[in-house]
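Please look over the following structure with attention to its aromatic contacts and to one instance of helix packing.

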Amino acid sequence: MKKFTYTGLLILLLSACTKDKDNTAGPDEINRLTYIIDDNKFNFSSFNTALGRTGYRNMLAQAGPYTVMVPDNNAFAKAGYATNQQVLTQSAVILNNLVSYHIINGTWELNKLPYQFNQEISAITGAKMFVTHWIKGEDTVLTINGSPVLAYNLPASNGMIQVLDNVLQPLVYQTLSDAIATDTSLTFLNVALQQAGMKTLISGSATYTFFAPSNSAFRNAGFPSVDSINKTDAKTLRDLLEYHLFAGRKFIYDYILTTGNSDQTEQAMQNGNNVGISLVKDDTGVKYIGITIKGAGNKVPAEVKRENLMAGNGVLHIIDQVLKENQ
């Protein structure tokens with residue numbers, strides 16, 4: 001099994017171990033998480049800037065131990081923070097929630113977890129996150145909330161660092177029902193769920209994954225307005241919506257890990273019928289970056305426009321088509 005590497009990171013960590021941060025500080029203090037994150041300015045400067053806007057910088061200088069999930073600068077750029085200045089101008093409340101969701105009490109060697117999908121652990125705030133430890137080809141793969149871990153178990157004297165490919169989005173909504181109701185791009189879906197009598201289903205403790213059609217997806221499927229949904233028979237809507245969700249929590253990267261060499265698989269939905277899943281690669285044709293979803297009645301696959309939106313009882317993936325069982 002190969003271990004993911006992170007170019008230059010260990011070299012920078014070694015330099016952090018020898019850098020004289022404070023002439024009076026002992027070896028234990030100068031190798032603490034705060035100093036290591038600060039010394040890796042090239043890769044961690046965005047997270048370090050966010051950390052400095054919170055009270056957690058002082059905490060990570062204490063004895064701990066803590067495990068910190070550090071998104072690199074590329075991850076922050078994908079999340080809309082292309083520069084450190086953009087981090088500085090973000091709301092302190094948002095940054096506090098973001099940073100706290102990336103810190104765990106204790107020392108967590110993620111590669112020593114069982115080979116399982118979406119094992120639940122908790123941030124220091126108690127918010128849930130989900131770790132997958134799996135093997136894909138010759139590689140040992142770790143993900144957190146479906147985001148690949150680029151490098152793991154980087155040591156500090158008071159804990160360790162896991163380097164992430166994405167910024168984790170803090171858990172805001174306890175239920176999928178709430179997440180859908182507050183998303184303005186899912187107004188049509190929310191009304192359809194109400195009309196179909198399915199809001200209760202996604203408001204309870206049972207966990208679901210929902211491929212959620214956007215408002216434009218509903219319009220393209222022949223529902224020009226919210227009123228047209230309200231005029232549709234409840235059973236018709238229920239049959240349609242049950243082809244968009246299934247029991248259990250599944251992130252997009254989970255499909256990448258479990259799909260074979262054909263790059264195609266199927267997913268059984270709530271109504272017992274399957275949709276087709278196809279893996280998508282980047283322009284190099286080497287790296288997998290996502291999936292498309294195709295109902296039996298769709299002429300072309302639906303694309304995932306926003307993925308891995310967390311709720312306490314599941315996960316949303318917003319798609320650009322309504323999935324159809326029949327032409």
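At what angle do helix α10 and helix α13 pack, and how far apart are their axes? Helix α10 (residues 187-196) and helix α13 (residues 234-241) pack at an angle of about 120°, with their axes 8 Å apart. This is a predicted model, in which local features need pLDDT of at least 70 and side-chain atom pairs count only at pLDDT 80 or more, while totals for chains, interfaces and linings use all residues. Residues are numbered from 1 along each chain as its sequence is written, and side-chain values use heavy atoms, with hydrogens and water left out.

**Helix packing**
- The angle makes α10 oblique to α13 (angles under 35 degrees count as roughly parallel, over 145 as roughly antiparallel, 65 to 115 as roughly perpendicular and the rest as oblique).
- The contact (heavy atoms within 4.5 Å) is made by Leu189, Ala192, Leu193, Gln195 and Ala196 of α10 and by Ala234, Leu237, Arg238 and Leu241 of α13.

**Aromatic pairs**
- There are six aromatic pairs, where rings of Phe, Tyr and Trp (its six-membered ring) pair if their centres lie within 6.5 Å, and planes under 30 degrees apart count as stacked, over 60 as edge-to-face and the rest as tilted.
- Phe211 and Phe246 form a tilted pair, 6.3 Å centre to centre with 50° between the planes.
- Phe211 lies in strand β8 (residues 208-213) and Phe246 in strand β9 (residues 245-247), so this pair ties together parts that are 35 residues apart in sequence.
- Both Phe211 and Phe246 are buried (under 20% relative accessible area, 1.4 Å probe, protein chains only).
- Phe218 and Phe223 form an edge-to-face pair, 5.8 Å centre to centre with 70° between the planes, and Phe188, Phe218 and Phe223 form one aromatic cluster.

Technical notes:
Helices (H or I, at least four residues) and strands (E, at least two) are DSSP runs, numbered from the N terminus. Buried means under 20% relative accessible area, exposed over 50%, partly exposed in between (1.4 Å probe, protein chains only). Axes are lines fitted to C-alpha atoms, for helices over the stretch in contact, and angles run from 0 to 180 degrees between N-to-C directions.
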